[in-house]
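I opened my notebook to look up a few things about one chain. Here is what I wrote down, step by step.

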Amino acid sequence: MPLTWADLAARTLARQFPASVASAGSETAVSASSETAVSGSGAAGQQRPGPDAADVVRVVGAVGPIQAQTARSPFLGLAARLPGVTHEQVSAAYEQLGVVRGSNLRGTVHTSTGPDHAVLDAATRLGQRALWARTLRLADARMEEVWSAIEAYAADTWRTPAELADHLRAWIAEHDPDATPRLDNSAGRYFAFGHGGLIRRPLTGPWSGQGSPGYHTATTLLGPDDTSRRAVLLADADAATDALVRRHLTAYGPSSRQDIAWFSGLGLRLVDAALDRAANELTAHEGPDGRTYWDLPGGPAPIELPGVRLLPEFDALLCGFDPPARERFVDAAHYRILWQQENGLLLAPLLLDGRLSGHWRLAGTGRRRILEVAYFAGTRKPRVAELAAPVAALRAVMDLDVTAVSVRKHAP
């Protein structure tokens, strides 16, 4: 039987909201095992005190890379999946390099674990190579030489975007004087710091803010194991593509070839070749749109997710999938409200009973804020009692004082 959108959603929810994470409160149930579950100390079913920085790393490892051009997005995404986690604990996971931030897939910013960063780096060099070539317009130098030069420059200290831009222009002028790069606009300047082999951190302000960023070479921060893993992936395009495809399936599956290609920035030809190589290890199902949806056998059992979660902009329930296939979590009419494509803005989605059924925002300035929730016509109104746990999670992870909550129907 073909899978329905509800079937696909239930399987993805089991991966994005691991069963080992309690739905509310300050305690985390520990799961015994599963490649995609969050495992903790102690026996299955045991209870222990609330989450810590190590739990942050485990959850990001389970749910996969978090799109993070809005710096608060990983904080909010983690609060929805790891209730009780604090701003201090997420920040500590960054400071300890348990999770890292970098510019990679599709030229966007993602937060991931260190091992995943190596996979994203390799996939980005494959997926973005043609765009780099069209922009740098090298005559004699190879792209690998450019990337190596950027990494050498940022190997010992954090570099600003301006420093990286000056270095890139100077390096090309010296080593490839016949090149005609297009670097004198905002898109061109991105290539100085948009290399997948760099890690990013705020040089000013908190990790949840949009402070001035600095960039550092990943291998010099993450150590010899990362260097070895990254070298293997960079030397073997098939291995890199295979790793990225498997990573998508473990975090967001079941997935179509179009889902994987959109998320990764890789062309369908590379994705299809990877799926062919792994075909004997995967299951295939027809989806509601006629596409084939691939999955790993033995994944978590499908789940329902009743109640309310406050998700961040660019959450995986949207950005993990090809736009036409986002119906697994949101009605087409509601999607057009959430993602205002004419200006690129995305409202922070409200997850209600496993569907994206509204949006929310924090009104006010400073630490005292008002939570404003809007639900879409034709969906049920969230109950005030259902918002208590999400508000508590929001307060903890953003270190804010939410003084009031309002709930209204979305007004066009």
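Surface first: I found that the protein chain exposes about 17200 Å², and carbon and sulfur atoms supply 53% of it. Such areas come from the Shrake-Rupley method with a 1.4 Å probe, and for residues only the protein chains shown count as cover.

I noted that this is a predicted model, where local features need pLDDT of at least 70, side-chain atom pairs count only at pLDDT 80 or more, and totals for chains, interfaces and linings use all residues. Residues are numbered from 1 along each chain as its sequence is written, and side-chain values use heavy atoms, leaving out hydrogens and water.

How much of the chain is buried? I read 52% of the 412 residues, where buried means under 20% relative accessible area, exposed over 50%, and partly exposed in between (1.4 Å probe, protein chains only).

Next I looked at the fold. I listed 16 helices and 16 strands in the protein chain; these are DSSP runs numbered from the N terminus (helices H or I, at least four residues; strands E, at least two). I also noted that the C-alpha atoms fill a box of roughly 65 × 50 × 50 Å along the principal axes.

Leu222 is partly exposed, with a relative accessible area of 21%. Leaving aside residues up to four places away in sequence, I saw that Leu222 touches Leu97, Val100, Gly114, Ile199 and Arg230 (contact means heavy atoms within 4.5 Å). Leu222 and Gly114 are 108 residues apart in sequence, yet 7.1 Å apart in space, C-alpha to C-alpha.
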